[in-house]
Structure formats: C-alpha cells, structure tokens
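Subject: Handover of a structure, with notes

Dear colleague,

I am passing on the structure below so that you can look at it alongside your own work.

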Amino acid sequence: MTMRTRPLGTTGLQVSALGLGCMGMSALYGEADRTESIATIHAALEAGVTLLDTGDFYAMGHNEMLIGEALRAAPAARREQALISVKFGALRGPDGSWLGYDGRPAAVKSFAAYSLQRLGVDHIDVYRIARLDPDVPIEETVGAIAELVEKGYVRHIGLSEVGVETIRRAAATAPVSDLQIEYSLISRGIEDAILPTVRELGIGITAYGVLSRGLISGHFTADRQLGAGDFRAMSPRFQGDNLRHNLNLVEALRKIAEQKGVSVAQIAIAWVLSRGEDIVPLVGARRRDRLTEALGALDVTLEPADLAAIEEAVPAGAAAGDRYPAAQMAHLES
C-alpha cells in the first residue's frame, strides 16, 4: 500500500487519498471498543492517513474527545500530520433525539469553541455545518466560519449535503474547500448536477458512505441482527426485500472482485477513488483489520474493462430504498 495525497479543492489543502471517518467509533452502528478505536486511529496515522472526520454531535461530543485522546497518545510527528474535519450544527437532546439544525453565526462560533476544547487543538482544519439550517441563509453561516478562519481557529471552510444553489451561494461568500456528501456505487445522486458544479467552482469532494454503511462491504449478511441504536435498523436499504435486492448487487460485485483477487470492500472503495483526483473517500473502519482491508484499495487498479463490468453489475440507480429514512431525507438538498 502506498499512501498518496489528493487536493481538497483548489484552496491549497492536501490530504491523504483516503480519510478516516470516526463516527462509528462512538455512535449509530452498534457497540465499539474504545481501546480498539484509538488503536485504529493510531494505525491510520502510521499508514499515512492524514484526514480524520468527525462531528460535534456524534454521541454528543464523545467522538471528538475520543479523537483528542488518540492524538494526545500518538507520537508528535503523527499528531502533527492529522487534519481534522468537523461537522457542527445538529442539535441533540439528552435522550439522543434529533432536534434540528442551528447555523446562526453566534452558534457557529460557540460550537467551534467547544470542539476546540474537546479535541485539544488550537484550530480545526475543515469546518462545516452538517445540514443546511433552513432558517439561516447559508451566507451568514459561511460568513461566520470565514471569521473563524480570519482569527486562526479554522483553516478551511467546508459544506455538507447541500445542493447546487446553496453551493454556489456559499462559494460566492468565501472560499470553500470541499463538499462532504454520500457517494458510492449505490449512491450516485451527485453525478448529474452537484459534481459538475463543484468541479466548475474548484471545490473538492469528501465522499462518505463509500461502503454504504457496510451494506456493500462484502461482510454484511441478511441474517445479521441489528441493535435498536444501530442506524441501519431504520435505514430503508437494510429492510426486507430492499436488503435482499441490495445484497444481490453485492454478490454480483463479489464475482468481479474475486476475479481481480481483491475483496468486495476494496473494489467498492477503488471505484470511488477512480472517479477523480478531486474525490477523497472516507472509510468508516472501527477496527484495525477493517482499516487494513480498506487501505488495500489504494493498490487496486481498475482497468476500463473492470469499470465496465462494475457498471453492468451495479448500474446507477440500482439500489433499492432511500439512503435515509423519510424524515431525514427531508433535510437533504439535491
């Protein structure tokens, strides 16, 4: 495995070709082992991964504190190479409920103050609101982040799960480094309008969900029991006939992977890597063995014949079910 770097848009930020999404180490995908999570972050840094992605609302600050703990325990050289991307703005109740989004300038600055403390850092490398606050113009939210950039608390401005109009308005307000959005073999909605727009504007993509929450990892089975707190227990793509249909797509992909001598996860990640140097996949590994598997995708070369076979096995729009429950889909722009 050879770690390469990719530009995150045209704002000058270079990151590792794969980033580590740390959310699953704290929330939404069942129990995670704290010691193993920290060991996985250390292994990622040792392998040359620089981009660590989190959100201040992931288990109400737990994920940021976990990353902070991991960084404090890492060798100085590894700690200094880490670039932290933080999402903010999602409001949570004490019972874990979702209460909406807050993009007011005062809230932006307050959220940042708490994140800096929990992470134990003096700046955040990429800062972005998790979803658009419908009651606050994006210009105000991005303007507040720009003020944090001016004062040195934030290095780069990001966006998350917004549509073309919002992207253009944000980019007209201040330089935007990248858009974080779901993108995978079975989540290709950005290809028609969003991807051309960010490329026109010089904005990169950090792609989350590249294995669709484990659905196309090659490890998920139809009889797997999911806990009540596991997001997938509510996700339409993991339900009944939808799950059976989607796992059939995985089996078609497995045949191609086996012919190349790689795993399903590796070919799925390699496909996202093949979509352009301006796209950085985030892998949600919670264990070192899964991280090692994901990093192996960097050594997978997909020839034109491979890409054609993948397209035939898993064509655009082939997945059954939306990527979020209806209530959450309502907060997403297209």
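Please keep in mind throughout that this is a predicted model.

I begin with a pair of helices. Helix α1, residues 34-46, packs with helix α2, residues 62-73, at an angle of about 60°, and their axes are 9 Å apart. That angle makes α1 oblique to α2, and the crossing of the two helices is right-handed. On the α1 side the contact is made by Arg 34, Ser 37, Ile 38, Ile 41, His 42 and Leu 45, which meet His 62, Leu 66, Ile 67, Glu 69, Ala 70, Leu 71 and Ala 73 of α2. Sorted by class, the contact of α1 with α2 has 8 nonpolar, 3 polar and 2 charged residues.

A second pair of helices can be described in the same terms. Helix α6, residues 164-173, and helix α7, residues 194-201, pack at an angle of about 15°, with 10 Å between their axes. Because angles under 35 degrees count as roughly parallel, α6 is described as roughly parallel to α7, and here too α6 passes α7 in a right-handed crossing. The residues that meet are Val 164, Ile 167, Arg 168 and Ala 171 from α6 and Ile 194, Thr 197, Val 198, Glu 200 and Leu 201 from α7, and by class this contact of α6 with α7 has 6 nonpolar, 1 polar and 2 charged residues.

Next come the aromatic rings, for which the count comes to 6 aromatic pairs. In one of these, the rings of Phe 57 and Tyr 58 have their centres 5.0 Å apart and their planes at 75°, so the pair is edge-to-face. Phe 57 is buried, with a relative accessible area of 8%, and Tyr 58 is likewise buried, with a relative accessible area of 8%. Phe 57 also forms an edge-to-face aromatic pair with Trp 98, at 5.8 Å centre to centre and with 75° between the planes. This second pair links distant parts of the chain, since Phe 57 lies in the loop between β4 (51-55) and α2 whereas Trp 98 belongs to strand β7 (residues 98-101), 41 residues apart. Trp 98 has a relative accessibility of 42% and therefore counts as partly exposed. Taken together, ring pairs link Phe 57, Tyr 58 and Trp 98 into a cluster.

Finally, two backbone angles may be worth a look when you have the model open. Most residues other than glycine have a negative phi. Met 60, however, has a phi near 50°, a positive value in a residue other than glycine; Met 60 is placed in the loop between β4 and α2, and at 43% relative accessibility it counts as partly exposed. Arg 213 also has a positive phi, of about 60°, although it is not a glycine. The place of Arg 213 is in the loop between β11 (204-208) and α8 (240-260), and with a relative accessibility of 12% Arg 213 counts as buried.

Conventions
Residues are numbered from 1 along each chain as its sequence is written. This is a predicted model: local features need pLDDT of at least 70, side-chain atom pairs count only at pLDDT 80 or more; totals for chains, interfaces and linings use all residues. Side-chain values use heavy atoms; hydrogens and water are left out. Axes are lines fitted to C-alpha atoms, for helices over the stretch in contact, and angles run from 0 to 180 degrees between N-to-C directions. Helices (H or I, at least four residues) and strands (E, at least two) are DSSP runs, numbered from the N terminus. Angles under 35 degrees count as roughly parallel, over 145 as roughly antiparallel, 65 to 115 as roughly perpendicular and the rest as oblique. A crossing is left-handed if the near helix is turned anticlockwise from the far one by less than a right angle, and right-handed if clockwise. Contact means heavy atoms within 4.5 Å. Ala, Val, Leu, Ile, Met, Phe, Trp, Tyr, Cys and Pro count as nonpolar, Asp, Glu, Lys and Arg as charged, and the others, Gly among them, as polar. Rings of Phe, Tyr and Trp (its six-membered ring) pair if their centres lie within 6.5 Å; planes under 30 degrees apart count as stacked, over 60 as edge-to-face and the rest as tilted. Buried means under 20% relative accessible area, exposed over 50%, partly exposed in between (1.4 Å probe, protein chains only).
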